[in-house]
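Have the model open as you read.

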Amino acid sequence: MTGGPWVDVAFWTFSAAAAVTGWRVFRTDSMVRASYFLLASFVNVGAIVLLLTAQYLGFAIIFMMGVEMTVMAVFMVMFMMNPGGLMPMSMVHQPRVAALGGVALGGGVAAVALASTFPSRPVGDATGLTAELGVELLGDSMLIFESAGVTLLAAMIAAVVLSSRRGRYGEGDEGSAPPALDPEETG
Amino acid sequence: MTGTWAGLGLSAAVVLGGAVLVAALESAAGAIVAGTRPSLVQPVRRVALLLVQERTSTERPDAPLRFLAPALYLSMAAVGAALLPLDRDLVAAAPSAGVVVWGAVESVVVVAVFLQGWSPNSALPLLGGYRFIAMGLSLVLISMFVLIGVALPAESLALPEIVAAQESLWNVARQPLGLPLFLLVAMGAAFWGPLNLADGPDLATGTSADSSGSRRLAWSLSRAAILTTFAAMGTTAFLGGWLGPVLPGPAWFAVKTGGLLVLLVVVGHLVGRVRPETVVRRIWTVLLPLAFLDLAQAGVVAL
């Protein structure tokens, strides 16, 4: 993509949106809202990657994050300590330590970005970049990506097996009773 | 890119015209199944009723998301339609990674339907939303496998090239498993007929249960638009898109997409709704292996 004022405008707009939605993740009061604020942040990062003409990577970020944030929302609600995770709650743990750590890390990354000199190479067309990515994934970096892929697959199968109702010893919920609808009965 | 603006206009026509067509087909099919005379006035009357109907409210809903969910769902139909070539050189957007953009559309569809269920802060819509996640995330996998299958003969992820590669033989003949699997994905994305887990009567219309008036209308229209866009994607990926003799390209595109829509609506009326557990189990134990088989076969043929 040829540079120009509109690319700059788009870059700063997406950057600001990514930062603001990222900040909202910690200021909201629900796991589902936090997940989707994070998704909005990632979508904006994906849009910035698209500005670099890395079409495959940019759209893949949006694609993957849409799925991942949905899974994250479901799992967080599922494992929440309050009933169903449906009560408003704070999204931060140890806010002081986290704030200090965040400032230190963010400052470090910003310092690296400001201190280093970046190569100024005009990027080619998107089709060429997608092909280069494919060669990289299945060439030099094949071992890394394949081992990561197989590890993730094993984790997925393990998660399905652990959460399956039917197991080697029969139904997982055999002998258990569903919780009473009337809270008086449970007491 | 030539034809960007014409392509954009025609994509909007696909989405809106398709939604109207689905409403008409749905009402006609419903009347035929019920043994009454199909009427063209009935859908118009229903739209008018929804426009003047009061919008119900729930206790402490998430108001912005309640508004955004149907908008997100409809805009995904529009983004999807903008990718589809209506003729040679007549496409609104032709990204080189078109199939990946389509994948992003599908993943945001799951988000939109879940948020429609979550945002009213009400039990039955929430259950519909959760059910849709279970089905939707599973179907995204099926969809990606069959779409990578059609990218193989074209040696490209760009949709115009996928259509162009079908000049000699349509993908429906080259990869016979692809189209049926993709039509199931289409049905799932619009939670249609047998795969209507999100809006089923057992949940008192689930994700729609607390939507009335214009909100309900927006949701139903978005759903019809999604069904149309997915049928149009089926045309593009498997039925040769705009390819065909005598008639101009866009006409062939419309005829094929209309045919798939009729099929989807009729199946929706003839096949009963399947239980959520059964749907998810069958997707993972039957459809996913079939999608693997489809991809393997596509790969062997492409080699």
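## Across the interface

How many salt bridges are counted between chain A and chain B? In this predicted model, the count is 1 salt bridge. The partners are R33(A) and D62(B), and their closest N and O atoms lie 2.4 Å apart. You will also find 4 residue pairs in polar contact between chain A and chain B, with both residues at pLDDT 80 or more.

Now for the overall extent. The size of an interface is often given as the accessible area lost when the parts come together. Between chain A and chain B, about 1,900 Å² is buried, and carbon and sulfur atoms give 78% of that area. In terms of residues, 23 from chain A are in contact with 23 from chain B.

## The chain A side

Which elements of chain A give two or more residues to the side that touches chain B? They are α2 (31–51), α3 (55–78) and α5 (126–138) of chain A. Of these, α3(A) gives the most, with 12 residues.

Sorted by class, this side of chain A has 15 nonpolar, 6 polar and 2 charged residues.

## A nonpolar patch on chain B

Next, have a look at the surface of chain B. Here V33(B), V262(B), V266(B), L270(B) and V271(B) form a nonpolar patch, and together they have about 420 Å² of accessible area.

Where does the largest share of this patch come from? Helix α10 (residues 249–270) of chain B gives 3 residues. V271(B), another member of the patch, sits in the loop between α10 and α11 (276–302) of chain B.

Definitions and conventions:
Residues are numbered from 1 along each chain as its sequence is written. Chains are lettered from A and ligands numbered from 1 in the order in which they are written. This is a predicted model: local features need pLDDT of at least 70, side-chain atom pairs count only at pLDDT 80 or more; totals for chains, interfaces and linings use all residues. Side-chain values use heavy atoms; hydrogens and water are left out. Contact means heavy atoms within 4.5 Å. Buried area is the accessible area (1.4 Å probe) that two parts lose on being put together, summed over both. A salt bridge is a side-chain nitrogen of Lys or Arg within 4 Å of a carboxyl oxygen of Asp or Glu. A polar contact is a pair of N or O atoms within 3.5 Å; within protein, one must be able to donate a hydrogen and the other to accept it, and residues adjacent in sequence count only if both atoms are side-chain atoms. Helices (H or I, at least four residues) and strands (E, at least two) are DSSP runs, numbered from the N terminus. Ala, Val, Leu, Ile, Met, Phe, Trp, Tyr, Cys and Pro count as nonpolar, Asp, Glu, Lys and Arg as charged, and the others, Gly among them, as polar. Patches are made of residues with over 30% relative accessible area and no salt bridge: like charges are joined within 9 Å, nonpolar side chains (Val, Leu, Ile, Met, Phe, Trp, Tyr) within 5 Å. Accessible areas come from the Shrake-Rupley method with a 1.4 Å probe; for residues, only the protein chains shown count as cover.
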